[in-house]
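Please examine the structure before reading the solutions.

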Amino acid sequence: MQTFDVAENGLRELNQTLQAQSVDTNQTNWEVKNPKGSHAIAVGLDAPIEVTVKGSTGYYCAGMNQQATVRVEGSVGPGVAENMMSGTVVVEGDASQYAGATGHGGLLVIKGNASSRCGISMKGIDIVVQGNIGHMCAFMAQAGNLVVCGDAGDALGDSLYEARLFVRGSVKSLGADCVEKEMRPEHIEILKDLLDRAEIDAKPEDFKRYGSARNLYNFDVDNSAAY
Amino acid sequence: MCGIVGLFLKDRTLEPQLGAMLTDMLITMTDRGPDSAGIAIYGSEANGKSKLTVQSDDPDADFASLADELSEQIGSAVSLQRNDTHAVLELEAAQVEAARATVRDLRPGLRVMSDGEVIEIYKEVGLPEDVAARFDLSKMSGTHGIGHTRMATESAVTTEGAHPFSTGADQCLVHNGSLSNHNSLRRKLKREGVRVESMNDTEVGAAYLTWKMQQGATLGEALENSIEDLDGFFNFVVGTKDGFGVVRDPIACKPAVMAETDQYVAFGSEYRALVNLPGIEDAKVWEPEPATVYFWSH
């Protein structure tokens with residue numbers, strides 16, 4: 001186990017050290033002390049290492065992650081795991097706005113609540129939130145899965161493309177072109193796998209599935225007055 | 001961008017450290033707002049008297065005989081405590097309006113920052129660290145306080161464009177965001193006879209709250225109304241004589257974090273601003289909900 005103290009050695013040194021780890025590094029376990037809400041903790045990692053952050057972070061924690069597993073023992077600020085490509089990010093506390101935004105792959109698990117715009121423009125990432133999510137989540141979400149064990153706020157899945165949304169609790173309102181869809185056996189399988197990987201004890205059958213009605217995909221002449 | 005910090009103390013033993021804690025929080029928010037900084041501090045009451053905090057670009061000349069001249073004009077005792085470019089005039093509570101008018105006549109260049117029994121507002125252009133040092137903010141004590149670091153978007157970098165803004169006796173407002181209907185609202189408020197002095201959007205927000213409260217709304221109601229009538233992005237933190245409130249617009253894209261313990265309630269634009277507060281590790285920390293008014297009072 002390698003330990004890095006941000007208060008002592010600084011943020012830039014932390015990220016340079018973690019980014020310098022090669023795919024076959026022997027230093028696979030890292031502990032980051034004193035994050036104190038700093039921005040951009042453990043960003044741009046590209047090796048199968050495990051990083052545990054001992055406290056809460058600010059903006060963009062674990063952004064652009066590839067291969068690495070980043071676990072935050074606290075809450076995270078806006079943009080956690082933004083544009084993640086692969087790997088796993090686990091937040092023990094809450095996440096602020098636009099968690100997992102634009103993510104292409106990997107798994108983001110939030111054990112607390114996520115606020116507004118979670119999964120905005122997601123492009124293949126899987127996001128599992130154990131608590132509630134705020135408004136405008138999965139806006140223009142293109143691919144991947146967003147799983148919410150609690151409730152969802154206003155305008156869920158507005159202008160949605162092909163991402164799948166699973167919500168166990170209530171949905172305050174659905175956004176434009178987002179509709180409830182039938183939960184078929186293959187969706188139960190996807191959801192079961194995600195809940196298992198997120199280590200969350202919940203029954204897939206208790207969730208509802210939401211997706212795109214695909215009415216916004218093509219121009220409709222009846223809507224011309226709206227432009 | 002802009003940074004906001006706020007601290008409302010429940011534990012009276014922390015009061016002597018209020019200035020020091022707020023100064024640390026304010027300086028942490030420098031990279032959100034390096035243009036100017038300000039702080040509203042709710043200190044001790046002055047035995048039935050009121051405080052008028054004024055600011056001058058030429059304090060040596062303006063403050064030298066101000067107390068005597070003002071006292072002569074309004075016919076009652078006035079004391080003056082200078083703090084760099086600011087001065088706190090202490091006078092009879094009933095004389096505040098007369099004193100405001102007289103100060104405008106005597107020293108047209110002087111700016112009134114605040115009035116009230118306990119509030120003092122200090123703000124200037126410059127790095128938050130430098131602004132805090134010139135007013136010795138870290139030595140101040142009080143029950144609660146609000147600070148702001150400004151990155152200007154809607155109007156020039158000037159002292160009057162800095163926050164906090166006074167919204168009435170013992171009240172103040174700080175803002176992170178930008179209002180998009182401030183020009184039309186300013187015209188409307190002027191027609192209603194509400195004083196709006198600068199081209200700044202936040203001053204319009206402050207004047208709006210003042211106007212609503214003049215019409216009989218409570219601060220909480222005025223804040224509820226602001227969600228309907230103000231267009232744009234805003235996180236508002238407001239201070240009153242014995243309270244402290246927070247409201248975010250319904251879109252809520254401006255960041256906000258709150259923390260509460262048995263000793264205090266704290267607000268920060270970012271968690272970074274709160275990390276040195278006592279007991280923060282065990283505090284209840286959360287993001288305030290959009291379009292929801294939060295309020296604490298003693």
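This is a predicted model: local features need pLDDT of at least 70, side-chain atom pairs count only at pLDDT 80 or more; totals for chains, interfaces and linings use all residues.

Residues are numbered from 1 along each chain as its sequence is written, and chains are lettered from A and ligands numbered from 1 in the order in which they are written.

**Exercise 1.** Determine which residues of helix H3 of chain B are buried, and where they lie around the axis.

Step 1. Helices (H or I, at least four residues) and strands (E, at least two) are DSSP runs, numbered from the N terminus.

Step 2. A residue is buried if 20 or more other C-beta atoms lie within 10 Å of its own, exposed if 12 or fewer, with C-beta atoms placed from the backbone.

Step 3. In H3(B), residues 66-74, the buried residues are Leu66(B), Leu70(B) and Ile74(B). They lie on the same side of H3(B) because they cover an arc of only 45° (directions from the helix axis to the C-beta atoms).

Step 4. The face turned away from this buried side carries the exposed Asp68(B) and Glu72(B).

**Exercise 2.** Describe how E9(B) and E10(B) are joined.

Step 1. Strands pair if DSSP finds at least two bridges between them. Three bridges join E9(B), residues 165-168, to E10(B), residues 171-179, and the strands run antiparallel.

Step 2. Phe165(B) stands opposite Leu173(B).

Step 3. Two residues separate the strands of this hairpin, and Asp170(B) in the turn has a positive phi of about 60°.
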